[in-house]
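Work through the exercises below with the sequence and the 3D structure in view. Each task is followed by a solution in steps.

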Amino acid sequence: MTTPRPIRIFDTTLRDGEQSPGASMNLTEKMEIAQALVHLGVDVIEAGFPIASPGDFESVRDIAAAVRDATVCGLARCNDADIDRAWEALARAARPRIHVFLATSAIHREFKLRMGEDEVVRRAVAGVERARGYCDDIEFSPEDAARTEIDFLCRVVEAVIAAGTTTVNIPDTVGYATPMQMHSVISSLVNRVPNIDKAVISVHCHDDLGLAVANSLAAVEAGAGQVECTINGIGERAGNCSLEEVVMALKTRADHYRCDTRIETRRLVPTSRLVANITGIQVPRNKAIVGRNAFAHEAGIHQDGMLKERRTYEIMRPEDVGLDRTDLVLGKHSGRAALADRANALGYQLSAEQLQTLFERFKLLADRKKEIYDGDIAALCEDQFAGLPERFAFAGYELSCASGQSPRVVLRVHQAGVETSVEGKSVEVSSVEVSAGDGPIDGIFLAIEKLTGIATVCRDFRVQAVTVGKDAQAEVTVELEHGGQIHRGRGVSTDSLEASAKAFLAAINRVALGPQARLHPQQV
Ligand code: KIV
Ligand code: ZN
């Protein structure tokens, strides 16, 4: 038996994933995801694009300083200012990597860069040389490689490897490639670039045609040694190659691919939940590997087969991706240790102080709800540790309504910077009354807008039960548009109106942080 070929997993949830509309994360949230990625066992974390904004710079810098067990990578366009800034952010990393990119396809050369082939090669080499002056681990991406003429792509790849690139990444930037084409591009590099053995070939696929995972796997078959991907496949437009799918394909079909990753697959579901909760981008029920229905066998005939022998219809074991079949139920009498154990299994690493706060909130919830499931615990953790500074926090509402009439809503919020407690007792700091709206939720949203002075357009509003049962907590997500940007918010409560108010306020808090002036990496 041959030893499986190791495939590096390069996670770009914090960079390309964050380019999904409305998915911006703050420093605390990014740090939480970075820690989860370390536990998951990814080889490289692309922590951000340091020159994009002071916030991006700080998060790359802090993640670089905190993470010891993975390479931390920062993105830079092919110019001195970007590369210098990337290094400034990465300098404290145990294993720093600078990722330099420059477009190479004819359409990008002509219309975006206005550069000829020689100029592109010259700039790419200069960028790699500058980065190499800072550290030894350099990745170069010829942007839009999948649409680049193969002869020119081979020329660029040879030149950047000669200049010191250690990983050469082949992006299908616009999600245009097909699996056979991707296989052929990588095979051409393997066969035609004389110094290709000096670098690892990587692949970075977008999902515009729903082919990102298939294209990445085809690249692996042709010799790629690194796959770039994101948790839940989030990312620019239709997203990136989904980490959980590509990893489980390599594992489940090891007989075919004969490759291996370092991923601790039992952390896939917890990490997926964490990213979904933080970004507000929910995972579709039927999503492979981490969707709620991914292991649900509905049809009677399947259930019958499953009871006789699981493998009749199951190609992967749910427990191998971190899905506990026994959704352990906790209740009023459960202790701190049991709660800590479940939170840990769900992917939350809590300090003693955090556990204490969680335990207090757990007890309050247990008074309102008999059985507490994993979904409830994850919701409590997210609610409590979401790192956004809250300018406005929900304090309470009163409501009277009848069908066919506008509701009357009195809404109260605490405001940051305003005294909220008198002798330890919380006081209401702002309240507003409105008699408007099409129903109670609309009335609550109008009241929040009036009270905060922030007007938005509601682009999406979703309610779903966190767990089963009539007393299940409601999880509400909203998407608000303000100043041309999308802001997401999430709220959880056993009272769905309260959950709606919390979700709306969470999105308003993001608006209140102010417009995040930020450079897009693909902006020249
Ligand atoms: O899709 C792409 O081309 C990218 C590069 C910056 C690697 O994300
Ligand atoms: Zn990309």
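**Exercise 1.** Find which elements each supply at least two residues of the lining of the second largest cavity, and describe this cavity.

*Solution.* Step 1: the elements are α1 (27-40) and α11 (268-279). Helices (H or I, at least four residues) and strands (E, at least two) are DSSP runs, numbered from the N terminus. α11 gives the most, with three residues.

Step 1: On a 1 Å grid over the protein atoms alone, a cavity is a set of points where a 1.4 Å probe fits but cannot get out, and lining residues have an atom within 4 Å of a point.

Step 2: sort the lining by class. Three residues are nonpolar, four polar and one charged, where Ala, Val, Leu, Ile, Met, Phe, Trp, Tyr, Cys and Pro count as nonpolar, Asp, Glu, Lys and Arg as charged, and the others, Gly among them, as polar.

Step 3: the volume of this second largest cavity is about 50 Å³. A volume is the space filled by probe spheres set on the grid points, which are joined across faces, edges and corners.

The model is predicted: local features need pLDDT of at least 70, side-chain atom pairs count only at pLDDT 80 or more, and totals for chains, interfaces and linings use all residues. Residues are numbered from 1 along each chain as its sequence is written, chains are lettered from A and ligands numbered from 1 in the order in which they are written, and side-chain values use heavy atoms, with hydrogens and water left out.

**Exercise 2.** How many cavities of 30 Å³ or more does the structure hold, and what lines the largest cavity?

*Solution.* Step 1: there are two such cavities, and the largest has a volume of about 130 Å³.

Step 1: its lining has 13 residues, with R15, F101, P171, H204 and Q522 nearest the centre. Two or more lining residues come from each of β5 (96-103), β6 (138-143) and β7 (167-172).

Step 2: by class, the lining of the largest cavity holds three nonpolar, seven polar and three charged residues.

**Exercise 3.** Which space does ligand 1 take, and which residues are around this ligand?

*Solution.* Step 1: ligand 1 takes the space of the largest cavity; a molecule sits in a cavity or pocket if more than half of its atoms lie within 2 Å of its grid points.

Step 1: β5 and β6 give two or more residues to the shell around ligand 1. The shell is R15, D16, H99, F101, S141, E143, P171, T173, H204, H206 and Q522, each with a heavy atom within 4 Å of the ligand.

Step 2: list polar contacts (pairs of N or O atoms within 3.5 Å). An oxygen atom of ligand 1 lies 2.6 Å from a side-chain N or O atom of T173. For H204 the distance from a side-chain N or O atom to a ligand oxygen is 3.1 Å, and for a polar side-chain atom of H206 it is 3.0 Å.

**Exercise 4.** Which element gives the most residues to the lining of the largest pocket?

*Solution.* The element is α11, with six residues. By class, this lining has 18 nonpolar, ten polar and 14 charged residues. A pocket is an open set of grid points with protein on both sides within 12 Å along at least five of seven lines.

Technical notes. A polar contact is a pair of N or O atoms within 3.5 Å; within protein, one must be able to donate a hydrogen and the other to accept it, and residues adjacent in sequence count only if both atoms are side-chain atoms.
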